[in-house]
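Dear colleague,

Please find below the structure that I am handing over to you. I would be grateful if you could look through it before reading my notes.

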Amino acid sequence: MTRAAARLHLSQPAVSAQLGRLRDIFDDPLLIPAHRGMTPTVKALELLVPLRQALDQVRATVTTHLNFEPATASLTVSIACTDYVQAALIKHLVVAMRREAPGVRIALRLLDVPQLELQMTRGEVDLAVINMTGAPPALHAQHLYDESYVLIGRHGHPSLRADLTVDEFAQLDHVVVSPRGGGFSTSVDNALVARGAAA
């Protein structure tokens, strides 16, 4: 409760009073004591998505009426992404920002999908670049771009040829990059299974 009050720039008693009002309105405790701090009730979790959507609408209404001048802005934006996205996308963004918005700093964080929603709630991450299928459903997401997969193998590999079939591809040994470690299934494996090929 104390940390929540600090983030809201309110006193702890003021936040407690607001929580009491919300408990009366929804006829539910909303937050209950847990081993570490408080934990949300089922009702609180049900309210999370519609309330977040409502707040997003309010935020969008407010921000559309603000005059943002990139050239004179002074702020830090924290972006969570993988090292691949940093190399493929963010480096170009940083170059453009230095030219168009020299007072805006980009802080990069390694993408941690299980913690992403909490990090955004705490204000630790402002923006994440992530595969849409892996985005937490409670977060607002927008499609940025499409990519195509390519097959990369060593020069002279005897099995890599222009007429390689899906089944032959599925039988090859593969290297998987897993940011969290231990993830041995990818969207490629899912696509192979959907086509009836062994992944």
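The average pLDDT of the protein is 85, and 95% of the residues score at least 70. Among its elements, strand β5 (residues 127–128) has the highest mean pLDDT, at 94, while helix α1 (residues 2–8) has the lowest, at 76. Where pLDDT is low, the predicted coordinates should not be read in detail.

The largest nonpolar core consists of six residues: A80, L111, L116, V125, A128 and L139. There is also a second, separate core of five residues, including C81, V85, I90 and V129. In soluble globular proteins, nonpolar side chains tend to be buried together. Beyond its neighbours within four places in sequence, L116 is in contact with A80, L111, V125, A128, I130, P136 and L139.

Helix α5, which spans residues 113–121, contains Q119. Is Q119 buried or exposed? Its relative accessible area is 8%, which is under the 20% cut-off, so Q119 counts as buried. Leaving out residues up to four places away in sequence, Q119 touches R109, D112, E124 and V125.

V49 is described as partly exposed because its relative accessible area, 34%, falls between 20% and 50%.

Yours sincerely

Technical notes: Residues numbered from 1 in each chain as written. Predicted model: local features only at pLDDT ≥ 70, side-chain atom pairs only at ≥ 80, totals over all residues. Heavy atoms only, no water. Core = buried A, V, L, I, M, F, W, Y, C linked by side-chain atoms within 4.5 Å. Buried < 20%, exposed > 50% of the residue type's maximum accessible area, 1.4 Å probe, protein only. Contact = heavy atoms within 4.5 Å. Helix = DSSP H or I, 4+ residues; strand = E, 2+ residues; numbered from the N terminus. pLDDT = per-residue confidence, 0-100.
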